[in-house]
Amino acid sequence: MKRFALLASIAVVVVGLAVLATFAPRPAGAARPYEGETIRAVVNAEYVKYSLSLVEKDVYDKLGIKIETEVIPADAFVAKTLLEFNSGSSPWDLVMFGPSNMPDYGRHFEPLEPWIAKLKLDFGVDDIVPVFAKVMLRYQGKLVSMPYDGDIHIMYWNKVAFERADNKKKFKAKYAYDLQPPKTWKQWDDAAEFFHGWGWDGSDRKLFGAGASYKPSGSGYSYHWWRSRFFSYGGQYFDKDMKPLINTAAAVRALDEMVRTMPYYPPGVLLFESEEPKTLLVKGDIPLLYTWTSAGKRVGNPAESVIVGKAGFGLVPGAEIDGKVVHRPAITPGRGMAVSKYSKKKEATMKVLEFISLPDQSLKIVMDAKTIMDPWRVSHLRSPIFRKAFPDADKYLDAIEASFPYLVPDPVIPAADEYQRKLSFEITEALAKRKSAKDALDIAAKEWDKITERRGLEKQRAAWGEKLAEMKSLGIEYHPDWAAKAK
Amino acid sequence: MAIAIERPRIAARRVKRYRVHRALGHVLTYLGLFAALVFFLGPFFWIVTTSLKGNEDFFAFPPVWIPAEPSLAHYVALFTRSSGARYFTNSLVISSLSMVAALVVSLPTAYSIARWRFGGGFLSTLLLVLRMLPAIALIIPIYIMYKMLGLTNSYLGLVIIYTVLYIPFAVWLLVGFLRDFPVEIEEAAMIDGCSRLRALVQVVVPIIAPGMAVVALFAFIATWNEFLFAIVLTGIETKTMMVLVTSFTTGGTDMFYGEASASVVLGVLPAFAVAFMLQRYLVKGLALGGTKG
Amino acid sequence: MRIGAIVMKRKQWEPFAFASPSVFLIGLVIVFPLAYSFYLSFQNFDLSVGSEYNYVGGKNYVEALFKDERFLGSIWNTAMIIAPSLAVELLLGLGIALLLSRASRGRPVITALLAIPAMVSPVMAAMAWRMMFGIKFGAINNLGRQLGILDVYFDWFGSPLLAIMTVVLVDVWHNTPFMMLVLLAGIQSIPQELYDAAKADGATPWRSFWSITLPLLQFTMVVGVMIRLIDLTKLFGLIFILTYGGPGSSTETVAFNTYLVGFKDFRMSYAAALSYVIVGGVLVLTLVFLWIQRIRETRTAA
């Protein structure tokens, strides 16, 4: 009996302790539920890795997860990641990708919705800027990724150049209209010509007319600079039967103008990637540049910029059609983040993806001048901290928002990257004056046909059909007559 | 008489002129060499000073040739945030392993050629052809094969390919060293009951060790420098310094100029070391070692 | 000696056993992949489409040699880079080697210092020069402006021709030291008595250079040039970092073009065919090289 009492009391104590242990709050464990887990991320540039390092500590403090980031340079990124995925595996859990390549990447990503239900995740999808939500989130209707970098083009100008009385007088005398930040391509080219080769800031330096990035690498820079002109002249990628329209009158006119104005751009522009012209802008060497929105943060960074508070932000120029200016700024690849379907740590990775996408965490990333990541949430654009982060930051954020209604996406169909690369390459051939604009674009069109043929005409036509309808709903259509009448 | 006096004077003048000529020749020679040194070492100077500059000095004009306050901040950033330490270690480990493996595999082959003329002219021609073979021809099938075998992103896969790429060079150089080695010593050892392999390891190796060191160092630097296989076959665990450098080029080097230059400095360090250690063998080594992409 | 011979006879398998590790590895990692790649070059294996493929005969080769203007252009580019590189490397290398051979003091140290660029990886060389050429913050432009001879914005890649010349400049920097070392070794192997005899006959240094140094250096020069020629056909890392083939395709080399086809477009079979075209070219060059060496051997024997 005694023995039984002893055993019973021990049992009670043990069970009691066990119950207590289960229900008692775990002081350390709760704060870091995934303590000890390490996930792998893959990104395409050192500055993206840097951007993740801004939130790494918080991720660890909150979740206990460490992030190991691999950088594959942009020039090899799509090739290496897709080769890995296409062979049915991947060493990475968290994957950065260019959303324009979604048709090639999407099937390797884990759909988010089941996990949202299971883990009660909140990605704040309603807070995502609608244009980004449209192109960055879904594959075949399923939510598979979150934006990480909201890339569009806006125009920057150096107010010193445009507001000096002397410059205004000279410009008016030469072009017979008032000097102002350009609204049309004609005005842009005039301004570039006007400003090139002399000290428009009042110094005796030899400065340049405008900036651009024409290197044919990565996901094809030169093509982004061409397509804003091309689309405002009424262009379109393909017709409904997948016949390329990139060698039509609009295309040739756009490229011819770029070739003609090459002398007004800085030396080296043919091999400029994204950052070189931005450096020239913030150092006061070029008065005009249209490029990704990240340039605004460099403009506002006093550590390197000499034009803090002296820069204007606005819409990329367009073409005047029947008295109305049509703007077609580019929405360029940007960056999305997704969870690999082949990951063995999906739960932890989902948690990390949620965490870095949270409004306050992602704000940290998109506000930092060195990350080159751009705002993609409505709350980023409206954030009182961001709007006061540097002089005129509010005007910069407003200019981004003002561009949203006009954006033209990439040809988001399978092989998007290859289409862009082949076209970019031929564009630089024309810019380097190795071929005429017409010849270069004709060859590009032939290359596009080859890609379509390799991927299967029917499959491509079906994919393109959807995009065509989407673009039509945005008001973007092929207008063969615009090329001749655009001003 | 007058003539007799005149002659030594002319001779003296000649000697003097000769001396002037020679001195002038010396000056010109060293001037020329100095110009060559400036050209060939200038880029290193710029990279090293750049890596020690502060961010504000990169774009300064007049340029900052020597930073007033050199700082190691970019190296620290490279080693911590950019995983430089890991990739530097990878480069060291892969290069060292390939170096050892190349020696172990090549020595018996070289011995076989040196002692028995194994393979005759065919084998040496084959080795030459392998030395000349463009790596781009190998990378595609190797990539596909490695993918199937799961050898991508592994030390083993990289070490295997580097070892094999280095066999022609190592064999070639080792055959030379072995031919210079007196056969008698070896045979004496074998008469004492040594097997051939033991004779090779215990008698020959210690004596030709300096030569083997030369081969090893060249193998090391060639592996260190290799880029094409490295960029295609490596992943996060196995990335080398050569691949790390390329991650700073995306979008242009403007944003991480300091880290980029610091990574170049670390990437060329072994070249400096080896150039000084191997002075006497540079010609042979460079002519025969060919993993330049 | 006799015992040795007997041992050798009894163990005829030994030579093969000793050589087998290398032979096995070469077969596995070089010969087999090359054969596999040769087989692939007659298929239409395209990883962007899928992992299945069919036999297409010589279609890839026909496309490469007759239709692919970009590839044919890259052959031309490679040649355009090779020719001036070889000429400058040879002349500059010879000049520096002669200077070195006359330097009485500090020669080993100077030689080692000058040799460093040749020991550096092409990637590192290109990265260093990319920073040297930089617009606005590159060393050369800034120095040029400080001295008042160069625009700080001089564009080193401004036109296709200039871009090729710039690549040549970097290659000259990178590989002249090799040529210099080869020629220095050649010069030093010329017996001093020849010069002494020529001097006794009243020959000027200039004359003895033309009638002694150059003729005796002839083969060394040819060998050096051939090795560089073959290595230059593989130019890849330098281009990858320095120009990525641009502007346009003006500096796209054969190796770089093949890399793009294989690892950007994923057309594995076609890339294999391209690489076989390159191998064919290199093989011809290698045979020429062997032939030259044979001539040299027979001459020195005579």
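A word used throughout first: a residue is buried if 20 or more other C-beta atoms lie within 10 Å of its own, exposed if 12 or fewer, and partly exposed in between, with C-beta atoms placed from the backbone. Keep in mind that this is a predicted model, where local features need pLDDT of at least 70, side-chain atom pairs count only at pLDDT 80 or more, and totals for chains, interfaces and linings use all residues. Residues are numbered from 1 along each chain as its sequence is written, while chains are lettered from A and ligands numbered from 1 in the order in which they are written.

**Stop one: a sheet in chain A**

Select strand S8 (288-292) of chain A. Helices (H or I, at least four residues) and strands (E, at least two) are DSSP runs, numbered from the N terminus. Is S8(A) enclosed or open to the outside? 5 of the 5 residues of S8(A) are buried, so the rest of the structure largely encloses this strand.

The open sheet has 3 strands in the order S8-S7-S9 (chain A), with antiparallel pairing; two strands pair if DSSP finds at least two bridges between them. S8(A) and strand S9 (311-314) of chain A are the edge strands, each pairing on one side only. From one strand to the next, the twist averages 30°.

Zoom in on strand S7 (residues 153-158) of chain A. With S8(A), S7(A) pairs over 5 bridges, and Ile154(A) stands opposite Thr291(A) in S8(A). With S9(A), S7(A) pairs over 4 bridges; there, Met155(A) has Gly314(A) as its bridge partner.

Next, select residues 393-403 of chain A, which is helix H19. Helix H19(A) lies across S7 and S9 of chain A, at about 20° to S9(A). Axes here are lines fitted to C-alpha atoms, for helices over the stretch in contact, and angles run from 0 to 180 degrees between N-to-C directions.

Which residues of helix H16 (359-367) of chain A are buried? Colour Ser362(A), Ile365(A) and Val366(A). Looking down the axis of H16(A), these buried residues fall within an arc of 90°, so they line one face of the helix; the arc is that of the directions from the helix axis to the C-beta atoms. They pack against helix H3 (46-63), helix H15 (346-357) and helix H17 (378-382) of chain A. Two residues are in contact if their C-beta atoms, placed from the backbone, lie within 7 Å.

Go on to Ile372(A), in the loop between H16 and H17 of chain A. Its phi is near 65°, a positive value in a residue other than glycine. Most residues other than glycine have a negative phi. Ile372(A) has 27 C-beta neighbours inside 10 Å and so counts as buried.

Select Ser83(B), in the loop between helix H2 (73-80) and helix H3 (84-116) of chain B. Ser83(B) is not a glycine, yet has a positive phi of about 55°. With 21 other C-beta atoms within 10 Å, Ser83(B) is buried.

**Stop four: chain C**

Pick Ala103(C), in the loop between helix H4 (69-102) and helix H5 (107-119) of chain C. Ala103(C) is partly exposed, having 16 C-beta neighbours inside 10 Å. Leaving aside neighbours within four places in sequence, Ala103(C) is in contact with Thr29(B), Tyr30(B), Leu33(B) and Ile110(C).

Finally, show chains A and C together: 22 residues of chain C are in contact with 24 residues of chain A.
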